Amino acid sequence: MGLTLTEKILKNHIVDGEMIKGSEIGIRIDQTLTQDATGTMAYLEFEAMGVPRVKTERSVAYIDHNTLQNGFENADDHRFIGSVAKKHGIYFSRPGNGICHQVHLERFGIPGKTLIGSDSHTPTGGGIGMIAIGAGGLDVAVAMGGGAYYITCPKVVKVELTGKLSPWVAAKDVILEVLRIMSVKGGVGKVIEYCGEGVKTLSVPERATITNMGAELGATTSIFPSDEVTKQFLRAQGREEVWTPLAADEDAVYDEEIKINLSELVPLAACPHMPDNVKSVKEIGNIKIDQVCIGSCTNSSLLDMMKVAHILKGKTVHPDVSLSIAPGSKQVLNMLAQNGLLSIMIDAGARILESACGPCIGMGQSPNSKGISLRTFNRNFLGRSGTKDGQIYLVSPEMAAISAITGVLTDPRDIGEMPDFKLPEKFVINDNMIVPPVDEKDMDSVEILRGPNIKPYPETAPLVKDIKCKVSLKVEDNITTDHIMPAGAKILPLRSNIPAISQHCFTVCDEKFPERAKSLGQSIIVGGANYGQGSSREHAALAPLYLGIKAVLVKSFARIHRANLINAGILPLTFVNEADYDKINEGDDIEIMNVRADIEANKTELTVVNKTTGANIPVLCELTGRTKDIILAGGLLDYTRENLKK
């Protein structure tokens, strides 16, 4: 029986466990990446391990999130990250060099390699045939120290693409169609593997758009084969030597199969406030819009910008619309400037932003009150834009550009004939904004630069004998990491200061939660299905840890967030019977007796006693040998330090 591409790469990297679906496996990590919103904490964690030099083939620290510097905090974090990178063997991508996923695809990604990054959209690397996975910063720190990365051996979903995209139908429409089919939780525990003749019709930037937004499925990652299209892209980047052909065996067996005829797709949009709330542009209608934002790690490639410039040429942005454009990397911005496309955008009235994440994470360009904003981004969660009542639609760059001209949501097929957009045979290559680390012999000469906002990792402690506390918060289904630990220009600068950032924890749901949780000393949170979907930000676990959260009891977890809770030493519990969610409320007194002894004995079903109502609620605590030991130790940092001593 043949292997899928996913299975081939995992099998080549497995260092612990067996390739049995649903079991835990540890894989060797070739590359890591961090960004500045998660990087400071990741490098504090790396330092705490006492490993002098990274042990990966390539680790890169990017500055792309917290680039709005209206105080000293962000600049201090960037300085700290740069000094840590220089000392410990990490390449440093300076502010202005671009968004981590775009730059990594251009300059560092290698087919067949494994990559984990402290950003949930790391699966972008699957566009060139990598197993690229988003993870918490502590997992990335462990990988940099030479440790394995542990995942549940995934199911593999085959998405067979046939046909070819019609003019002005985009790669964004492909992933929106997959989201419409599978939903935001349909990919949990799965890798999405793209196959079929239609794959050959998609460029690497188009493939990367699809794998990037696969994160919204809840999937472990997404991957395309490495073929002649991949080779051509790497050749244009001056990196053809790293190319290798990779594909699934013809007789590979998949756990699920989805068929999509690219020729039948139409322009789509994800409506507020969830990426799987997908409708066709015809179903939505010609609604009046207030803002258009083009960019993000999903749609900021040179190919995207070429199409946008073509649509804007000789036209003017509608007077009622604000249009902003953020090219994804210095390379893209420079090539736009050299070939005159940047001038076309400026002439049309676009506001050109720096090559960074920007509006995608609420870092500027928040829409007006109740404003309708079309964005080429990957998430449209409630309030993520920085405007609580903003109405955010996720669309292709083609739809965004034409709508900016007309002032209403517009079908890009109305533009007329589409030119044959081709990537250049050679990209402009200038890596002068990537700083290499010093030689190992010179490490001691590098001073680590710490600003006053940088605080240490929160205190942890081994799992207690019994948990006796109150329920400090009860929330519903599809709670995102933006609910738990919001982003935005006001909060992101506090990412290296857990005591300060914890004061914003869950304030989207309940402004009094931080004060209440801190006053209780210790408590638990109760939630619904798909709890913790969205970003890989470990702060959504570290802030609750600081506020005394001992356990989170929900109907189901999103993959990365559950891992982050375990890494923080917070007990992840799920209801045996989802109906029991109704038997527990905020303020109830609960007990989980003998919890440490039960977990030590590998007991997976525990009992939560609601002392307020008298209800006995069976819950699952499914921990493997390794994750069990992490919880008992008080978190991954303590567990790793103990194991490094052995």
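Modeller: Terms first: a salt bridge here is a side-chain nitrogen of Lys or Arg within 4 Å of a carboxyl oxygen of Asp or Glu. This is a predicted model, where local features need pLDDT of at least 70, side-chain atom pairs count only at pLDDT 80 or more, and totals for chains, interfaces and linings use all residues. Residues are numbered from 1 along each chain as its sequence is written, and side-chain values use heavy atoms, with hydrogens and water left out.

Colleague: How many salt bridges does a search of the whole structure find?

Modeller: The search finds 31. One of them joins Asp 30 to Arg 28, with the closest N and O atoms 3.7 Å apart.

Colleague: Is Asp 30 buried or exposed?

Modeller: Asp 30 is buried, at 1% relative accessible area. Arg 28 is partly exposed, at 37%. Buried means under 20%, exposed over 50%, partly exposed in between (1.4 Å probe, protein chains only).

Colleague: Which residue does Lys 190 meet in a salt bridge?

Modeller: Glu 256, at 2.7 Å from N to O. The pair links distant parts of the chain, 66 residues apart: Lys 190 sits in strand β10 (residues 190-195) and Glu 256 in strand β12 (residues 256-261). Helices (H or I, at least four residues) and strands (E, at least two) are DSSP runs, numbered from the N terminus. Lys 190 is buried at 13%, while Glu 256 is partly exposed at 29%.

Colleague: And what does Lys 282 pair with?

Modeller: Asp 411, with the closest N and O atoms 3.8 Å apart. Lys 282 is in helix α9 (residues 281-284), and Asp 411 is in the loop between α13 (397-406) and β20 (434-435), 129 residues apart. Lys 282 is exposed at 57%; Asp 411 is buried at 3%.

Colleague: Switching topic. Where is Thr 387 found?

Modeller: Thr 387 lies in the loop between β18 (372-375) and β19 (391-394). Thr 387 counts as buried, because its relative accessibility is 9%. Beyond its neighbours within four places in sequence, Thr 387 contacts Ser 366, Pro 367, Asn 368, Ser 369 and Lys 370. Contact means heavy atoms within 4.5 Å.

Colleague: Now the barrel. How many strands?

Modeller: Seven, closed, in the order β21-β22-β23-β24-β27-β26-β25, with mixed pairing. Two strands pair if DSSP finds at least two bridges between them.

Colleague: In which sense do β22 and β23 pair?

Modeller: Parallel, over four bridges, with β22 at residues 523-526 and β23 at residues 549-554. Ser 523 stands opposite Ile 549 in β23.
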